[in-house]
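Subject: Structure handover

Hello,

Here is the structure I promised to pass on. Please have it open while you read the notes under it.

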Amino acid sequence: QIARCFRDEDQRGDRQPEFTQLDIEMSFVDSKDVMDLNEKLMIALCKALAPDKKLLHEPFPRITWHDAMNRYGSDKPDIRFGMEIVDGSEIFRASKFKVFADTLRNGGVVKMLKVEGAASFPRSKLDGLEELAKIHGAKGLAYIVWEASIESGALKSPILKFLDEKEIDAVKKATEMKQGDIVFFAADTFVTACTAIGQVRLKCADEFKMRDP
């Protein structure tokens with residue numbers, strides 16, 4: 001059944017109230033059968049209606065909700081670019097940095113995001129990213145900048161004095177950080193930390209025009 005529908009609920013930026021719904025009745029099926037059928041339909045529709053558009057993946061990648069949040073910070077992730085989130089919880093499990101250590105002790109996580117070439121971000125942009133993280137529930141947004149302009153490649157960060165050399169080296173290794181990059185940190189419950197740093201990921205991707213419009 002193909003029906004014209006109207007959503008009787010609050011509007012959102014990514015959904016319109018009026019839409020066309022495909023109602024499918026299937027017997028003796030499981031979730032894979034439903035996904036398989038819809039995948040075939042979506043691929044056929046895209047090729048028929050938008051032949052100039054490129055399908056990044058065929059078949060579609062299938063990931064769990066947990067993986068989507070863990071890697072991209074969203075249950076509807078933009079996978080047109082990399083910049084995946086990295087878990088840093090084990091690095092800071094015994095840290096002397098109270099913010100990270102207390103979060104982990106209370107069952108939370110520490111998520112890290114490396115943004116290549118972002119060392120040139122001015123302080124105002126870093127403050128803006130922190131505000132964005134706060135809007136999405138985080139208490140703050142820590143960061144380490146590996147300066148590109150200095151030959152020695154100095155590290156800059158308000159939290160640097162709380163971290164030991166072993167932790168800093170582990171962050172560099174886990175995120176594959178290099179000179180000219182920034183690593184951002186969000187420490188909170190799993191959903192809040194992932195969501196907040198996921199929004200930072202999208203904002204930074206826009207900054208470097210990584211999201212093809």
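Predicted model: local features only at pLDDT ≥ 70, side-chain atom pairs only at ≥ 80, totals over all residues.

Overall chain

The chain holds six helices and seven strands. Their order along the sequence is β-β-α-α-β-α-β-α-β-β-α-β-α. Along the principal axes, the C-alpha atoms fill a box of roughly 65 × 40 × 30 Å. The chain has 213 residues, and 36% of them are buried. Take the contacts between residues at least 6 apart in sequence: 62% of these join residues at least 24 apart.

Surface and charge

The H2/H6 pair

Two packed helices are described by the angle between their axes and the distance between the axes. Here the pair is H2, residues 65-72, and H6, residues 190-207. Their axes come within 8 Å and cross at roughly 50°. H2 is therefore oblique to H6. On the H2 side, the residues in contact are Trp65, His66, Met69, Asn70 and Tyr72. They meet Phe190, Val191, Cys194, Thr195, Gly198 and Arg201 of H6.

Backbone points to check

- Pro59 sits in the loop between H1 (31-49) and H2. The peptide bond from Glu58 to Pro59 is cis, with omega near 5°.
- Met83 is in the loop between H2 and E3. Its phi is positive, near 50°, and Met83 is not a glycine. Is Met83 buried or exposed? Met83 counts as buried because its relative accessibility is 14%, and the cut-off for buried is under 20%.
- Lys209 follows H6, in the segment after that helix. Lys209 is another non-glycine residue with a positive phi, about 55°. Lys209 is exposed, with a relative accessible area of 72%.

Arg93 lies in the loop that runs between strand E3 (86-87) and helix H3 (98-105). With a relative accessible area of 41%, Arg93 is partly exposed. Arg93 and Lys139 are 46 residues apart along the chain. Their C-alpha atoms are separated by 19 Å.

Best regards

Notes. Residues numbered from 1 in each chain as written. Heavy atoms only, no water. Helix = DSSP H or I, 4+ residues; strand = E, 2+ residues; numbered from the N terminus. Buried < 20%, exposed > 50% of the residue type's maximum accessible area, 1.4 Å probe, protein only. Contact = heavy atoms within 4.5 Å. Axes fitted to C-alpha atoms, helices over the stretch in contact; angles between N-to-C directions. Parallel < 35°, antiparallel > 145°, perpendicular 65-115°, else oblique.
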